[in-house]
Amino acid sequence: HYAKYNMNLVQISVDKYFVENYSHFKIHPNGLIEFNAETEGGGISLPDNPVTVYEALNKSIEFSENVWQSVVGEKPFSVLVTSDLLENDQGIYKFTLDYYYEGNLVTTSLKGENFEPMNFAVEIYVKNGKIEKYRHFFRRYEKADTIVCTPQIQALDKIYEKLQDGENEIFIKDVYLSYIENGDKTDKAPVWCAEIKGTNEIVY
């Protein structure tokens, strides 16, 4: 399927800043919002003072759902957890969420002059039960058309041709269909993505 998104979620003509209590909140015209606490121990407290990674994750997802509903309304917040879930003694966690549409992941690859590159739909940085940094790229997807995808084996052949350097062996860890979200206004067709073993590289 082609996925089509609604660009009218956040209608702002220029960047907007909101500053309160040693933190800042920025809304970008493309639908990206960013919150940063600027003092040690500052931030947005999560309910019930979560301690474990799973408690912090659940409270962080609830927070993201509330943010989503405050902007979009009652439309489903269709995301997957895409970060590793590892405990640590410092109580510091980074959680990432990504959209999915009809079972396929939406891979975010967003770059701009006024913000750090965004490689996830949502980034949540938690320290000692508080959200110190929050980034959320708003998109809502709907069906635009139906297409026939290239068979996986043909896609693999093209990926190996693209990667082949004649010297080093290339091992592909995973192959999957994904929509690529780069912030433009075109409809999105799913493409085959290959995750290269031993690296963070994704080949489309």
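Reply: Happy to! The face of α2 turned away from its buried side carries I153, K158 and E161, which are exposed (exposed is over 50% relative accessible area, buried under 20%, partly exposed in between, with a 1.4 Å probe and protein chains only). Keep in mind that this is a predicted model, where local features need pLDDT of at least 70 and side-chain atom pairs count only at pLDDT 80 or more, while totals for chains, interfaces and linings use all residues. Residues are numbered from 1 along each chain as its sequence is written, and side-chain values use heavy atoms, with hydrogens and water left out.

Helix α2 covers residues 152-163, which is 12 residues. From first C-alpha to last, α2 reaches 16 Å, close to the 16 Å expected at 1.5 Å a residue (the expected span is 1.5 Å times one less than the number of residues). Its buried residues are A155, L156, I159 and L163. They lie on the same side of α2 because they cover an arc of only 100° around the axis, the arc being that of the directions from the helix axis to the C-beta atoms. These buried residues pack against β14, β15 and β16 (202-203), where a contact means heavy atoms within 4.5 Å. Helices (H or I, at least four residues) and strands (E, at least two) are DSSP runs, numbered from the N terminus.

E195 and K173 form a salt bridge, with their closest N and O atoms 3.8 Å apart (a side-chain nitrogen of Lys or Arg within 4 Å of a carboxyl oxygen of Asp or Glu). This pair links distant parts of the chain, E195 in strand β15 and K173 in strand β14, 22 residues apart. E195 is partly exposed at 22% relative accessibility, whereas K173, at 58%, is exposed.

The loop between β14 (172-181) and β15 (191-196) holds K188. With a relative accessibility of 4%, K188 counts as buried. Its side chain meets that of D184 in a salt bridge (2.4 Å, N to O), and D184 is partly exposed at 28%. Shared partners join R139, E181, D184 and K188 into one salt-bridge network. The side chain of K188 also makes a polar contact with the side chain of N182 at 3.4 Å; a polar contact is a pair of N or O atoms within 3.5 Å, and within protein one must be able to donate a hydrogen and the other to accept it, with residues adjacent in sequence counting only if both atoms are side-chain atoms.
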